[in-house]
Amino acid sequence: MVPVKLDFYRYREEIKQAILQHITRLDTEWDPFRASWLAYALSQEGFEGNLQLVRLIERLSLWAKDDKTWASQRNLGALCFLGYFIQKRGLGSPDFLFRLTEQIKRLENAIEHKFSPINDPEQVFPMALFIASCAEGTPHLVEVLKKVASTRMRGTFKRQILYGAALQELGEAISLPVPDEKDIRTPGDIIAFVWYWVRYGSHGDRTRWWQAFEHIRDGLSFEQDDVREDVYVLSPTEVALLHEALTRETTNPDPHLLFELYSLHPRVREIAESLFRAGEYKNAVAEATLALSKFIQEKTGKVSKSEDELVQATMNLPNPKLKFNNELNKDEGKNEQAGLVLITRGIFRAFRNPKAHVPKDSPLVQIGALEALDQLVIISYIFKRVEQAEVSS
């Protein structure tokens with residue numbers, strides 16, 4: 001698998017700057033639908049202390065007070081985003097929320113109308129967010145929106161994904177198409193897949209779609225006036241989806257993606273990679289510890305019945321076979337040597353021995369991806385130190 005080289009933190013800041021530029025343009029080109037999607041993007045960073053978001057919500061709230069706003073169905077998506085923000089902030093606005101719910105109910109009589117907002121997944125997703133946030137009193141609307149979304153999951157992948165996301169928000173389990181990358185026609189589709197799998201999906205799929213995104217990243221532009229033929233200009237919706245994906249990825253990283261990014265010792269990566277990707281975390285760590293034991297034996301020519309004896313025979317002061325530094329005549333050098341001995345013994349005692357001597361359903365060996373990665377990083381570090389160590393005669 002090709003490793004992902006994207007700097008998620010730096011790219012997230014680039015997207016944030018693009019969002020702020022979009023918001024600035026709203027001063028001269030007010031578009032409530034664009035504004036609501038940009039507000040949704042900012043909301044991924046939380047409401048507390050988020051001044052740009054609060055100001056944008058205030059502008060949307062002022063816009064929503066105009067009766068003309070409610071006269072046009074195309075404003076429903078933006079109004080639903082606003083209702084969702086109100087619910088998330090716990091501000092409470094019974095009249096607004098009641099009016100908005102009634103507005104959505106009227107759609108049931110115009111489901112087949114081709115200009116209905118329910119034919120636009122970028123409007124249906126905020127409707128689903130709002131309805132799901134209401135929790136009580138909307139079971140009928142939940143079923144209506146489920147029917148709307150499930151019967152319209154066709155067309156572009158981005159369209160299918162947004163309708164699928166609406167269903168997810170309404171508590172409906174779905175199966176999305178998993179196409180080959182060659183079948184995807186636009187960068188917008190890839191961005192939608194990245195967003196969907198980061199928000200709802202499994203770790204393995206997240207890694208796959210971030211890799212697909214990396215192939216197209218250089219051809220993307222955030223400038224709405226960019227007219228170059230070789231670039232794809234992201235819409236405010238796509239900017240919002242990408243920002244959410246990056247925010248979630250940097251807040252709650254995919255351990256499989258971290259495995260790809262971290263500079264593990266080549267031998268640790270080689271022996272653990274397929275097991276880690278397959279979710280066999282216990283076995284990935286166990287095999288890495290065995291490889292470390294074998295590596296120490298090969299480096300020193302020492303063979304012992306147990307790893308504990310191996311560490312003692314090769315690393316213990318005062319005359320270690322493996323010298324981790326050239327300052328063993330000083331306290332600082334002795335302390336490092338003794339500390340690395342303790343870490344190595346700890347690897348075999350805490351990582352290796354329980355996994356080899358207790359049942360596979362024991363809590364001692366039931367580890368998740370992040371814990372397994374923590375352990376592999378420690379093993380990798382000792383691998384590197386052993387590789388660099390001087391072997392005394």
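**Close-up views of a predicted model**

**View 1. The contact of helices α2 and α7.** Phe33, Trp37 and Tyr40 of α2 are in contact (heavy atoms within 4.5 Å) with Glu122, Gln123, Phe125, Pro126 and Leu129 of α7. By class, these contact residues comprise 6 nonpolar, 1 polar and 1 charged; Ala, Val, Leu, Ile, Met, Phe, Trp, Tyr, Cys and Pro count as nonpolar, Asp, Glu, Lys and Arg as charged, and the others, Gly among them, as polar. The model is predicted: local features require pLDDT of at least 70 and side-chain atom pairs pLDDT 80 or more, whereas totals for chains, interfaces and linings use all residues. Residues are numbered from 1 along each chain as its sequence is written, and side-chain values use heavy atoms, without hydrogens and water.

**View 2. The helix α7.** Helices are DSSP runs (H or I, at least four residues), numbered from the N terminus. The 14 residues of α7 reach 20 Å from first C-alpha to last, close to the expected 20 Å, where the expected span is 1.5 Å times one less than the number of residues. Among the buried residues are Val124, Met127, Phe130 and Cys134.

**View 3. The surroundings of Ala245.** Ala245 lies in helix α12 (residues 236-251) and is buried, with a relative accessible area of 1%. Leaving aside residues up to four places away in sequence, Ala245 touches Val194, Trp195, Val198 and Trp210. Trp197 is 48 residues from Ala245 in sequence, and their C-alpha atoms are 8.7 Å apart in space.

Key. Helix = DSSP H or I, 4+ residues; strand = E, 2+ residues; numbered from the N terminus. Buried < 20%, exposed > 50% of the residue type's maximum accessible area, 1.4 Å probe, protein only.
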